[in-house]
Structure formats: C-alpha cells, structure tokens
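Here is a short walk through one protein chain. Keep the structure open and follow the residues as they come up.

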Amino acid sequence: MTVARNRQAKPFIFLFIIAASLLLGMAGCKQNALYERLHNIPEAKWQRTFIPSFSFNISDTTTSYRVYVVVRHTNQYPYRNIWLNVGVQQPQDSMRVQQFELPLAASDRWLGVGMDDVFERRVLLFPRPIKFPRSGEVKFTLQHTMRLDPLPDLLQVGIRVEPVTNTQP
C-alpha cells in the first residue's frame with residue numbers, strides 16, 4: 001500500500017516542481033526599477049496644495065530610462081482621467097513643469113490593475129526612453145490640476161524609473 005501511495009504522489013510532486021520552476025522563472029523576468037516611490041494622499045483627498053516630491057540619484061548617464069507616473073485610486077474616483085503638472089529638475093538645472101493627462105478608465109472599465117475597489121494605474125510619462133545628461137540628483141513633483149479640489153478617492157501617487165535593457169523594445 002505504501003508503494004501505491006508513492007506512485008500516486010510522484011506525478012503531483014513532479015507537477016509541483018514544474019509549476020514552482022515556472023513561477024520562479026517568470027519572477028526573474030520582472031523589470032527591476034532604479035527608483036519607485038509612492039506618497040500617501042492624506043485622507044484620500046488630494047488637495048491641490050499637496051505637491052509630492054520624488055528625488056533619486058543618477059550615476060549612469062549612458063543608460064536610457066522609462067519614467068512612469070503611478071496612481072492608486074478607489075473605484076469611487078469620479079473621473080476617467082487625471083490632469084497633472086509634472087515637474088522635472090535634472091542635476092544642475094531648474095525645475096521644468098509640463099501638464100499631462102493620465103487616462104485612468106476606458107468607457108466601461110478602469111485601466112491598470114485592480115483588487116476589490118482599489119486600482120493602480122502605471123502610465124508612461126514620455127513616449128520614448130530618456131537619458132539624464134548629467135549625474136546627480138533628479139527631482140520630480142506631481143500636482144493635480146483638476147477643477148475639483150480636493151480630489152477625492154485618490155490613495156497614492158508616485159514615480160517609477162526603470163533602466164532600459166538591450167532586450168527591451
């Protein structure tokens with residue numbers, strides 16, 4: 001009887017090993033961020049005067065980077081988008097501010113990843129990877145420019161910076 005149990009258990013152990021190997025392999029393909037930081041929005045109501053700031057150091061000026069804005073919101077957020085003034089200050093330069101529209105929803109559903117009533121949307125800020133021409137501290141700021149102030153049901157906002165590898169398009 002013990003031999004019969006071992007024979008039945010072998011296929012399950014084999015399948016478990018294959019599944020675990022696949023999961024570990026997929027986890028190894030995940031892009032590592034140079035920088036990712038989210039700021040909590042106080043009371044989930046973003047006041048226009050609350051301007052989160054994000055700073056990180058660049059040492060490699062030959063690498064290209066993808067820059068994302070990350071927004072976490074509830075499904076009660078009243079709009080399909082958010083307008084932001086995004087400030088960028090490169091080393092030894094002044095702050096430059098540009099307005100961006102970040103789509104958060106399609107006509108019938110929220111974009112991004114969701115669990116229960118919380119959704120995270122990661123939006124590429126620039127259409128192509130960028131290079132930082134000088135090493136040193138880079139600073140980003142985010143300020144909403146929506147008419148409604150405070151802007152309800154926003155939980156967190158942030159910046160993610162990823163180096164572009166040779167294998168990425």
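Start with Phe140. Leaving aside neighbours within four places in sequence, Phe140 is in contact with Pro52, Ser53, Phe54, Phe56, Val67, Val86, Gly87, Val88, Leu125 and Ile159. Contact here means heavy atoms within 4.5 Å. This is a predicted model, in which local features need pLDDT of at least 70 and side-chain atom pairs count only at pLDDT 80 or more, while totals for chains, interfaces and linings use all residues. Residues are numbered from 1 along each chain as its sequence is written, and side-chain values use heavy atoms, with hydrogens and water left out.

Phe140 belongs to the largest nonpolar core, a group of 35 residues. Such a core is a set of buried Ala, Val, Leu, Ile, Met, Phe, Trp, Tyr and Cys residues joined through side-chain atoms within 4.5 Å. Trp46, Ile82, Phe140, Leu142 and Ile159 touch the most other members. At least two residues of this core come from each of S3 (53-58), S4 (64-74), S5 (81-89), S6 (96-103), S8, S10 and S12 (154-163).

Now step back to the whole protein. Of the contacts with a separation of 6 or more, 80% join residues 24 or more positions apart. Buried residues make up 34% of the 169 residues. Buried means under 20% relative accessible area, exposed over 50%, and partly exposed in between (1.4 Å probe, protein chains only).

Next, find Arg121 in strand S8 (residues 118-124). Arg121 is buried yet has no salt bridge. A salt bridge needs a side-chain nitrogen of Lys or Arg within 4 Å of a carboxyl oxygen of Asp or Glu. The nearest side chain of opposite charge, Glu120, is 9.9 Å away. A polar atom of the Arg121 side chain does lie 2.9 Å from the backbone oxygen of Pro103. Beyond its sequence neighbours within four places, Arg121 is in contact with residues including Val69, Val70, Val71 and Leu104.

Thr63 sits between S3 and S4. Thr63 counts as buried because its relative accessibility is 17%. Arg147 lies in the loop between S10 (136-144) and S11 (151-152). With a relative accessible area of 85%, Arg147 is exposed. Its C-alpha atom is 9.6 Å from that of Arg48, 99 residues away along the chain.

Note on methods:
Helix = DSSP H or I, 4+ residues; strand = E, 2+ residues; numbered from the N terminus. Lys, Arg positive; Asp, Glu negative; His and termini not counted. Polar contact = N/O pair within 3.5 Å; in protein donor to acceptor, adjacent residues only side chain to side chain.
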